[in-house]
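Q: Could you take me through one part of this model slowly, and then show me what surrounds it? I am new to reading structures.

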Amino acid sequence: KYACTMPQLAIVEGRIRPLLRLDPHAGRTGRYAIRSVYFDDRQDTCYRENEDGTDPREKFRIRIYNGSADQITLELKQKMRGMTRKLSCPLTREQCALALEGRALEDGKELPPVLRKFILQQKIRGLRAKVIVEYERVPRVFPLGNVRITLDENIVSSSQTERFLEGDFARRPIMPPGRHVLEVKYDEFLPDPIRQVLQLETLQRTSFSKYYLCRKYGF
């Protein structure tokens, strides 16, 4: 991950455009809006593990795209030895509403493993919705190495988690004006042509957690 200025993002986007195609999910505009609500326990374990750099660690979030509740996804994001893995499953609007209210969802053997783990953590650790993270993403992909480069702009937070699905919540920017986030993701290797075009003297890799910063600077 890299914290970038808009001019730096423009340079990177100009360099990668000939090499990486837009993700088909980006649609005509070439971008989409992401809104996530993150969960943590009574002791704010996920927040503190982010702060301490604990490895391994994991956290749950619910995500929708372009402000639409037509497709709601529960995700478990795991980090181990610097590598990130995401497991996910769909949620109904009713299940999402119950989770936002802090009420335990009904368990059952037919449920996806990710959802069953979430329900178990609700009961054992008291998982509750803590913060909303919202931003716009320009995603580009490359098949070799399963490379994915995303440009995330206008990152905002809100503690009004009960309004997650409706979207009528107060928003607070968490980055200094003109600062955004570049992420480079790949499976086993990053092809040399892509590595070369990403070389900017002023571009420095950094540890960056949207969840952590949105909790830290939320309201």
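In which helix does Gln121 lie?

A: Gln121 lies in helix H4, which covers residues 113-125. Before going on, a word on how to read this: the model is predicted, so local features need pLDDT of at least 70 and side-chain atom pairs count only at pLDDT 80 or more, while totals for chains, interfaces and linings use all residues. Residues are numbered from 1 along each chain as its sequence is written, and side-chain values use heavy atoms, with hydrogens and water left out.

Helices (H or I, at least four residues) and strands (E, at least two) are DSSP runs, numbered from the N terminus. The chain has six helices and 10 strands.

Back to your residue. Gln121 has a relative accessible area of 13%, so it is buried; buried means under 20% relative accessible area, exposed over 50%, and partly exposed in between, with a 1.4 Å probe and protein chains only. Leaving aside residues up to four places away in sequence, Gln121 touches Phe60, Gly126 and Leu127, where contact means heavy atoms within 4.5 Å.

Helix H3 (residues 93-100) comes next. Its buried residues include Gln95, Cys96, Leu98, Ala99 and Leu100. The buried residues of H3 pack against H4, and also against S3, S4, S5, S6 and strand S7 (128-142). Just after H3, Gly102 takes a positive phi of about 80°.

Now look at the strands. Strand S4 spans residues 57-65, and seven of its nine residues are buried, so S4 is largely enclosed by the rest of the structure. Two strands pair if DSSP finds at least two bridges between them. On one side, strand S3 (residues 32-40) runs antiparallel to S4, joined by five bridges, with Ser36 opposite Arg63 in S4. S4 also pairs with S5 in the antiparallel sense, over eight bridges, and there Tyr65 stands opposite Ser68 in S5. S4 and S5 form a hairpin with two residues between them, and Asn66 in the turn has a positive phi of about 55°.

The pattern carries on from S5. S5 and strand S6 (residues 83-91) pair in the antiparallel sense over nine bridges, and Leu76 has Leu87 in S6 as its bridge partner. These two strands also form a hairpin with two residues between them, where Arg81 in the turn has a positive phi of about 50°.

Lys79 has a relative accessible area of 33%, so it is partly exposed. Not counting residues up to four places away in sequence, Lys79 touches Asp55, Pro56, Arg57 and Thr84.

Finally, step back to the whole chain. Of its 219 residues, 47% count as buried. Among contacts between residues at least 6 apart in sequence, 68% join residues at least 24 apart. The C-alpha trace spans about 50 × 40 × 35 Å along its principal axes.
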